[in-house]
Amino acid sequence: MKNKILKKDNFEVNKIYKGDSVKVLKALPSNSIDVVFADPPYNLQLKNELARPDSSIVSAVNDEWDQFESFQKYDEFTNNWLSEIKRIVKPDGTIWVIGSYHNIFRIGKAIQDLGFWILNDIIWRKTNPMPNFRGTRFTNAHETLIWASSSKDSKYDFNYQAMKSLNEGLQMRSDWSLSICSGKERLKDDQGKKIHSTQKPESLLHRVILASTKPGDIILDPFFGTGTTGAVAKKLGRNYVGIERDENYIKAAKKRLKNISPLKNDVLSVTESKKEQIRVPFGSLVENGIIKPGSILKGPKVLKARKFSAKVRADGSVYSKGENGSIHQMGAKLQGKESCNGWTFWHLENKGELKVIDSIREEFIKSSIKN
């Protein structure tokens with residue numbers, strides 16, 4: 001799309017819109033965006049060149065777009081773009097904003113004042129941070145992300161189980177250890193200089209997008225830069241909308257996006273949370289003849305539980321030692337415990353082997369969906 005004035009009736013996704021963020025945001029339709037990832041200017045307030053011990057100059061963030069006259073001007077800027085974000089995000093949408101100690105606390109206040117509901121603050125711990133060359137402070141080794149829903153009552157997306165899978169089966173914590181953007185991932189010009197001074201690593205956006213969106217969702221980045229958000233969104237089968245005013249950044253982003261192919265559908269699926277799976281009571285397996293009344297359920301193949309057994313009744317309850325109840329109640333009672341997940345405790349003998357009834361349920365769900 002050519003760089004023309006955006007109007008609400010010609011809003012398109014998978015496009016980069018050139019212009020001032022606030023002006024372009026004002027032209028977007030209300031309640032049109034699922035998730036926002038914003039990497040705004042940090043207002044670093046750098047006054048002098050930073051030199052290494054060998055007197056070489058550090059390539060720091062001294063771009064014009066990161067310079068503000070005062071904290072008041074920065075706060076006005078922050079409230080202007082966040083106010084428009086509040087309008088265009090769907091009622092059940094979320095926003096991610098990243099920053100450093102220079103600006104994240106000011107942004108956090110603005111987020112709360114505008115009615116967003118903060119869900120988490122994420123600490124991105126950089127595994128390879130830039131050292132503090134002057135030795136006058138601690139090495140600044142992290143940045144902070146604020147994740148917030150549109151309101152307190154938003155029914156936002158959080159792919160909990162997918163995050164757990166990404167973390168080798170452990171619940172994902174709010175401190176993420178990821179390296180900064182470097183090597184081949186860092187975009188450079190013909191002279192070998194960094195095109196963008198604060199390019200974020202794709203690993204960070206991968207986690208953000210995988211955690212809080214679904215395939216087909218629209219992700220907006222109002223400070224698009226060289227397109228990391230768009231690149232990861234495209235790979236993961238999401239739609240992106242980018243806003244950027246710098247022509248050089250736009251040119252680099254377009255080139256980058258052109259060379260990206262979306263992943264195939266079979267690898268885009270994420271592990272579902274239990275609460276998102278289709279609920280099937282044990283009685284449904286009985287009434288559909290999957291597990292027949294009179295069948296004997298047995299405990300798992302461990303010494304203490306192997307001795308337990310229960311007979312399936314026609315109403316979906318199970319009977320053992322003169323008592324009956326649900327698969328969960330009887331599993332707990334026989335073990336002397338307060339609770340039990342009957343789906344993973346009880347097994348049915350199948351061709352000489354014990355098969356956990358949870359896998360029988362999964363097979364039933366899959367066959368039901370196909371039919």
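Before clicking on anything, here is the rule for aromatic pairs: rings of Phe, Tyr and Trp (its six-membered ring) pair if their centres lie within 6.5 Å, with planes under 30 degrees apart counting as stacked, over 60 as edge-to-face and the rest as tilted. By that rule, the structure holds 14 aromatic pairs. Keep in mind that this is a predicted model, where local features need pLDDT of at least 70 and side-chain atom pairs count only at pLDDT 80 or more, while totals for chains, interfaces and linings use all residues. Residues are numbered from 1 along each chain as its sequence is written, and side-chain values use heavy atoms, leaving out hydrogens and water.

**Stop one: the rings around helix 2**

Select Y74 and F77. Their ring centres are 6.0 Å apart and their planes meet at 45 degrees, so this pair is tilted. Both sit in helix 2 (residues 71-88), three residues apart, about one turn of the helix. Helices (H or I, at least four residues) and strands (E, at least two) are DSSP runs, numbered from the N terminus. Y74 and F77 are both buried, where buried means under 20% relative accessible area, exposed over 50% and partly exposed in between (1.4 Å probe, protein chains only).

F77 and F223 make a tilted aromatic pair, 6.0 Å centre to centre with 55 degrees between the planes. F223 belongs to the loop between strand 7 (218-221) and helix 6 (228-235), while F77 is in helix 2, so the pair ties together parts 146 residues apart in sequence. F223 counts as buried too, at 15% relative accessibility.

**Stop two: a cluster and two lysines**

Next, highlight W96, W147, Y156, F158, Y160 and W176: they form one aromatic cluster. Then look for charges over rings (NZ of Lys or CZ of Arg within 6 Å of the ring centre and within 35 degrees of the ring normal). K86 lies over the face of F116, 4.8 Å from the ring centre, and K126 lies over the face of W124, at 5.3 Å.

**Stop three: strand 2**

Where does strand 2 sit, buried or exposed? Six of the six residues of strand 2 (residues 33-38) are buried, so it is largely enclosed by the rest of the structure. Strands pair if DSSP finds at least two bridges between them. Five bridges join strand 2 to strand 3 (residues 89-99), running parallel; find A38 opposite V97 there. Two bridges link strand 2 to strand 7, also parallel, with V36 opposite L220.
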